[in-house]
Amino acid sequence: MSAARPALERVRSAVARGHARVTGSALGRYQTAVVRIGFSFTWLLFLLREWPHRRELYGPDGPWNWDMARKLIDGNHAFTALMWSDSGLWFEAVYAVALGSALLLLLGWRTRTTSVLFMLGVLSLQNRSVFIGDGGDNLIHLMSLYLVLTRCGQVWSLDARRATRRPDGQEPPRDTTGIVLWTVLGLALACVQLVTDADLSLIADGPLPGLGWATVLWGLWLVQGGWWLARRYAPGEPRTVLDMLANLAHNGALVVIMGEVCLLYASAGWYKVQGSRWQDGTALYYPLHLDYFSPWPSLADVLASSGTLVMLLTYGTVIVQVAFPFTLLNRRAKNVMLVLLMLEHIGIAVALGLPFFSLAAISADAVFLPTAFLLWTGRKATRARDRLAARVAVRLPRQASEPKGRAAEDDENGSGRRPGAGAGAVGEGPGHGPGPRTLRG
């Protein structure tokens, strides 16, 4: 017993450290922020690109009309707000909410609320017309569910910016905007259940067995209210317990996202191994000769003209996808494989004309990016933003305040000073060019 006691103590200490790490902080804050930005940006671009065709894809003008969609939804019990009414105005409202929630989630404004609206917008549109999606849509579909459980707005968001402006130890503000938003969404949910044909169940047809969408939505609404009450009136132990639960949900969702990406590549790679076209190295050759997958015919001809290149790209795709989950055991190998995967998706976007699929896949891959690389990228982006803001700040006030004819008067008085030469002195220094060059842009 005496010999086993040190080993038990080490195990107990390791469990305690693991528990403190999992419940004490949200892991992968920068990675989840990149996932949030990537998927909301992808969905926003897709909705904007399909704006002229939205009614044909998801609305009343499409070949998959409302009655056909109703019969399918009655069978698979998928969630879609577009089935609550066949009004064209209701469709436009749902599409606008999907657009707005994607933009707000991209900016990180009220991420707890906008992540839920983002999820509802994705599910509503995709489940309305299930036969027009691809692998990228499936990824967005899944990640919209997982992002609700993550604390993806702790960095690189308007929420994080607002939090840093409040000194430590200061009592949280009243947050009138949050109260109004919470009240409006609660009234909207009540109206949906009482006025429309939503028929949201408490215990069936939800995201999990025995859990209906009414329970999920009202539960999230009540949790948000309870979070505000604890933050405002019980900042001690209740707030600590809620923080621990939120961190636990975040870290669990992060593990699920990572497992989803590994499963995606493992299944894709092993299924490719079983296909005869991937075995003989021609799986890439045939899509390059399809007009639908050849946005750049000349580029497709160049790639398809070399049998060796086609075979290397085909075999390389299989090897990278099959090997990726195993390289997570080695950090350097994982980073190299991430670069290869992202290059592969960039090639798919350019050569095969699938930009949104590639953006979704790269956004999912970002969950494995090193924190040091993300911090370095963030510093570079911040410096670029500050330099741009400084140039704009120097340029605009001088142009707005300088009277017309000032340069002509200086020339007539013999000063010999060019227009804006004095203005350049304001912005000169490290990182700034001379005044006239700055004013010319």
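## A walk through a helical model

Alanine 102 is buried, its relative accessible area being 0% (buried means under 20%, exposed over 50% and partly exposed in between, with a 1.4 Å probe and protein chains only). This is a predicted model, in which local features need pLDDT of at least 70 and side-chain atom pairs count only at pLDDT 80 or more, while totals for chains, interfaces and linings use all residues. Residues are numbered from 1 along each chain as its sequence is written, and side-chain values use heavy atoms, with hydrogens and water left out.

Let us stay with alanine 102 for a moment. Alanine 102 sits in helix α5 (residues 88–107); helices are DSSP runs of H or I with at least four residues, strands are runs of E with at least two, and both are numbered from the N terminus. Beyond residues up to four places away in sequence, alanine 102 touches Ser40, Trp43, Leu44 and Phe118, where contact means heavy atoms within 4.5 Å. Arginine 36 is 66 residues apart from alanine 102 along the chain, with 9.7 Å between their C-alpha atoms.

Now step back to the whole chain. The protein chain has 20 helices and zero strands, and 36% of its 441 residues count as buried. Of the contacts with a separation of 6 or more, 70% are between residues 24 or more positions apart.

How confident is the predictor, and what is the mean pLDDT of the protein chain? The mean is 86, and 88% of the residues reach 70 or more; pLDDT is the predictor's confidence in each residue, from 0 to 100.

Next comes the second largest pocket, which holds about 1,400 Å³ of space. Here a pocket is an open set of points on a 1 Å grid over the protein atoms alone, where a 1.4 Å probe fits, with protein on both sides within 12 Å along at least five of seven lines; lining residues have an atom within 4 Å of a point. Its volume is the space filled by probe spheres set on the points, which are joined across faces, edges and corners. The lining has 49 residues, and His345, Ile348, Leu352, Leu354 and Phe357 lie nearest the centre of the pocket. Two or more lining residues come from each of α2, α7 (135–147), α11 (237–274), α14 (307–327), α15 (331–351) and α16 (355–365). By class, 31 lining residues are nonpolar, 11 polar and seven charged; Ala, Val, Leu, Ile, Met, Phe, Trp, Tyr, Cys and Pro count as nonpolar, Asp, Glu, Lys and Arg as charged, and the others, Gly among them, as polar.

The loops deserve a visit too. Aspartate 175 lies between α8 (158–164) and α9 (176–195) and counts as buried at 18% relative accessibility. Leaving aside neighbours within four places in sequence, aspartate 175 is in contact with Arg110 and Trp228. The side chains of aspartate 175 and arginine 110 are joined by a polar contact of 2.8 Å (a pair of N or O atoms within 3.5 Å; within protein, one must be able to donate a hydrogen and the other to accept it, and residues adjacent in sequence count only if both atoms are side-chain atoms).

Most residues other than glycine have a negative phi. Tryptophan 156, in the loop between α7 and α8, has a positive phi near 50 degrees and is partly exposed at 34%.
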